[in-house]
Amino acid sequence: MDTTKTVIIVAAILAVLLLAAAVTVLVRLVRARRDLRRAGLPTGPRWVFWGAVLYFVLPIDLLPDPVYLDDIGVLLLALHTLRAPLRGAYDHKSPTITQSKETNHSFDSYK
């Protein structure tokens, strides 16, 4: 096999792997939004979710379509934005490491 065919095959494999990663992140985004809505929790601005989905689906991108890195970045940003209200609700519970007097071992406790 010559070098050109090898490069094309490697590029095609990388493109398929990136597409699989992008679809995986898209599925996680949709599931997270669905689960938050079912639980009655805030999901953040609607335009962030739908904007990320449209950016993934539409052919107009910052990078050409076989390179899905920009799509993955936009989807991860939307997932991060979607989960932001939850982080604020649970910030008061942070684990602290304490030392047990009886066993002299450290353990995590929530205060």
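Reply: Let us begin with a definition: buried means under 20% relative accessible area, exposed over 50%, and partly exposed in between, with a 1.4 Å probe and protein chains only. This is a predicted model, in which local features need pLDDT of at least 70 and side-chain atom pairs count only at pLDDT 80 or more, while totals for chains, interfaces and linings use all residues. Residues are numbered from 1 along each chain as its sequence is written, and side-chain values use heavy atoms, with hydrogens and water left out.

Me: What makes the pair of phenylalanine 49 and tryptophan 50 edge-to-face?

Reply: The structure holds 1 aromatic pair. The ring centres of phenylalanine 49 and tryptophan 50 are 4.9 Å apart and their planes stand at 80°. Rings of Phe, Tyr and Trp (its six-membered ring) pair if their centres lie within 6.5 Å, and planes under 30 degrees apart count as stacked, over 60 as edge-to-face and the rest as tilted; therefore this pair is edge-to-face.

Me: Which residues does arginine 33 touch, not counting those up to four places away in sequence?

Reply: Arginine 33, which is placed in helix 1, touches Thr43, Arg46, Phe49, Trp50 and Leu82 on that count, where contact means heavy atoms within 4.5 Å.

Me: How do you know that arginine 33 has no salt bridge?

Reply: A salt bridge is a side-chain nitrogen of Lys or Arg within 4 Å of a carboxyl oxygen of Asp or Glu, whereas the nearest side chain of opposite charge to the buried arginine 33, aspartate 35, is 11 Å away. Here Lys and Arg count as positive and Asp and Glu as negative, with His and the chain ends not counted.

Me: Is valine 25 buried or exposed, and why?

Reply: Valine 25, also found in helix 1, has 12% relative accessibility and therefore counts as buried. Valine 25 touches Ile72, Leu75 and Leu76, leaving aside residues up to four places away in sequence, and its C-alpha atom is separated by 8.3 Å from that of leucine 79, 54 residues apart along the chain.

Me: And why is leucine 14 called partly exposed?

Reply: Leucine 14 is at 48% relative accessibility, so it counts as partly exposed.

Definitions and conventions: Helices (H or I, at least four residues) and strands (E, at least two) are DSSP runs, numbered from the N terminus.
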